[in-house]
Amino acid sequence: MDLTFSPAAEDLRAELRAWLSVNVPREFASGDAVEFPSLDEEFAFLRAWQGRLARDRWVGVHWPHAYGGRGAGAEANYIFQEEMARARAPEVINRIGVNLVGPSLMHHGSEEQKQRYLARILSCADVWCQLFSEPGAGSDLTALRTLAVRDGDVYRVTGQKVWTSWAQYADYGILIARTDPAATKARGISYMIVDMRAPGVEVRPLRQMTGSSEFNEVFLDDVRVPVANLVGEEGKGWEIAQTTLAHERGTAPRQLVIHRMLLEDLTRLARESSDASLRESVAAAAIEVEIAKLDNWRTLTRLVRGEPLGPESSFIKLYWSEMSQRLHDTVMRALGPRAALVGSDAPANGRLADSYLYYRAASIFAGTSEVQRNIIAQRVLGLPR
Ligand SMILES: Cc1cc2nc3c(=O)[nH]c(=O)nc-3n(C[C@H](O)[C@H](O)[C@H](O)COP(=O)(O)OP(=O)(O)OC[C@H]3O[C@@H](n4cnc5c(N)ncnc54)[C@H](O)[C@@H]3O)c2cc1C
């Protein structure tokens with residue numbers, strides 16, 4: 001295996017690093033938690049930040065030129081995420097749009113849909129959400145019950161979605177709904193674009209244990225979705241949803257860097273601590289982060305060679321999410337009672353405790369650990385169901 005990045009990728013890294021050193025707001029670069037007076041203000045800030053990145057063509061570096069990207073491929077996308085995390089830059093807020101909607105529309109959308117929606121995703125002119133999970137359909141999405149009934153040139157959509165990240169700010173959502181109620185499971189599901197401002201769409205934020213409300217319940221009550229918003233063919237939505245879901249896994253360079261920096265925090269805390277038993281956990285954490293890097297590189301190599309990732313991408317998701325929780329547990333142990341402090345009294349202004357709470361969700365989103373283990377057991381190892 002070649003463990004170096006190409007010269008073109010290294011040039012891109014140098015250019016981006018220079019850009020970030022000038023443009024990342026100072027309060028983020030310090031590594032302390034940045035408090036906003038409200039989620040609305042945080043979102044407005046992040047939207048403007050993505051606009052700034054996009055103006056200099058940093059968003060979607062791997063997207064084709066035709067849709068506003070740099071056409072620089074998987075390696076460039078890897079480096080982009082790595083450098084953003086390394087500089088502690090605020091995240092690209094429209095990542096559902098960039099990472100999931102974009103690739104899905106490029107593969108399956110009509111030319112008109114591509115022209116209308118794609119470029120606006122990069123600049124964050126339109127924010128997107130993913131309307132897949134339902135109260136009775138999470139791990140098993142094929143159990144979804146939201147109905148879309150054809151009525152002339154519209155579908156009338158009724159149902160409920162849940163855990164919809166950033167729905168309260170979204171302009172559009174990618175929705176999967178049942179267009180053939182007689183068909184069961186994956187059959188009879190269609191994939192469509194919903195205008196989140198359409199009459200009948202009601203978004204109710206859910207409060208998370210971090211105190212924030214990034215995700216929501218979305219109620220759809222006789223929402224009229226133009227037939228022109230159907231992506232692909234009616235009843236073939238499950239195949240398109242697979243494209244979307246495949247892009248949720250794969251490499252996780254951003255997570256790799258975040259956890260490398262967390263390991264640095266942990267090492268610093270362990271040095272200051274009188275608890276010698278922490279040493280073993282710090283060494284174990286260092287080894288795990290190194291393994292995560294090698295896993296990422298192996299997957300990236302496959303992407304660069306144009307090989308499909310397939311079910312092996314479940315390894316990456318399973319490994320980093322569980323590594324994250326072990327590493328955060330050790331950080332909490334090293335902090336001891338100080339972990340419970342809030343505000344400016346807290347170490348790193350509360351960033352470490354916030355991070356601990358946030359990453360509890362890592363073994364749930366983008367497919368739970370149990371589901372990843374099922375995939376690995378059945379599709380990689382060939383074990384019986
Ligand atoms: C932070 C966060 C953001 C999210 N954002 C979005 C979003 O924007 N859009 C969206 O559509 N969804 C989103 N989700 C939802 C996410 O995809 C689901 O939570 C996830 O798929 C699990 O579904 P569920 O919560 O319904 O749990 P369930 O599927 O009900 O699972 C409950 C438990 O049963 C286990 N289980 C289920 N099936 C099996 C099985 N076959 N074998 C073994 N164990 C099993 C699970 O592992 C889990 O422990 C988000 C979730 C989180 C945490």
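Author: A residue counts as buried when its relative accessible area is under 20%, and as exposed when that area is over 50%. Anything in between is partly exposed. One more point before we start: this is a predicted model.

Reader: Why is Ser324 called buried?
Author: Its relative accessibility is 0%. The cut-off is under 20%, so Ser324 counts as buried.

Reader: Where is Ser324 found, and which residues does Ser324 touch?
Author: Ser324 sits in helix α10. Leaving aside residues up to four places away in sequence, Ser324 touches His259 and Tyr359.

Reader: How many helices and strands does the protein chain have?
Author: The protein chain has 12 helices and eight strands.

Reader: What share of the residues counts as buried?
Author: Of the 385 residues, 50% do.

Reader: What share of contacts joins residues 24 or more positions apart?
Author: Among contacts with a separation of 6 or more, that share is 74%.

Reader: How many aromatic pairs does the structure hold?
Author: There are 17 aromatic pairs. One of them joins Trp320 and Phe365, with ring centres 6.4 Å apart and planes at 45°.

Reader: Why is the pair of Trp320 and Phe365 called tilted?
Author: Centres must lie within 6.5 Å, and 6.4 Å passes, so the rings pair. Stacked needs planes under 30 degrees apart, and edge-to-face needs over 60. The angle here is 45°, so the pair is tilted.

Reader: What parts does the pair of Trp320 and Phe365 tie together?
Author: Trp320 lies in helix α10 (residues 313-335). Phe365 lies in the loop between α11 (351-358) and α12 (369-380). The pair therefore ties together parts that are 45 residues apart in sequence.

Reader: Is Trp320 buried or exposed, and what of Phe365?
Author: Trp320 has 8% relative accessibility, under the 20% limit, so Trp320 is buried. Phe365 has 32%, which falls between the limits, so Phe365 is partly exposed. Phe365 also forms an aromatic pair with Tyr358, at 6.5 Å centre to centre and 40° between the planes, and this pair is tilted. Tyr358, at 31%, counts as partly exposed.

Reader: Which residues form one aromatic cluster?
Author: Trp320, Tyr358, Tyr359 and Phe365 do.

Reader: How do you know whether Glu233 is buried or exposed?
Author: Its relative accessible area is 52%. That is over 50%, so Glu233 is exposed. Glu233 lies in the loop between β8 (230-231) and α7 (237-246). Its C-alpha is 10.0 Å from that of Ile189, 44 residues away in sequence.

Reader: Why does Ala348 count as buried?
Author: Its relative accessibility is 19%. That is under 20%, so Ala348 counts as buried. Ala348 lies in the loop between α10 and α11.

Terms used: Residues numbered from 1 in each chain as written. Predicted model: local features only at pLDDT ≥ 70, side-chain atom pairs only at ≥ 80, totals over all residues. Heavy atoms only, no water. Helix = DSSP H or I, 4+ residues; strand = E, 2+ residues; numbered from the N terminus. Buried < 20%, exposed > 50% of the residue type's maximum accessible area, 1.4 Å probe, protein only. Contact = heavy atoms within 4.5 Å. Phe/Tyr/Trp six-rings, centres within 6.5 Å; stacked < 30°, edge-to-face > 60°.
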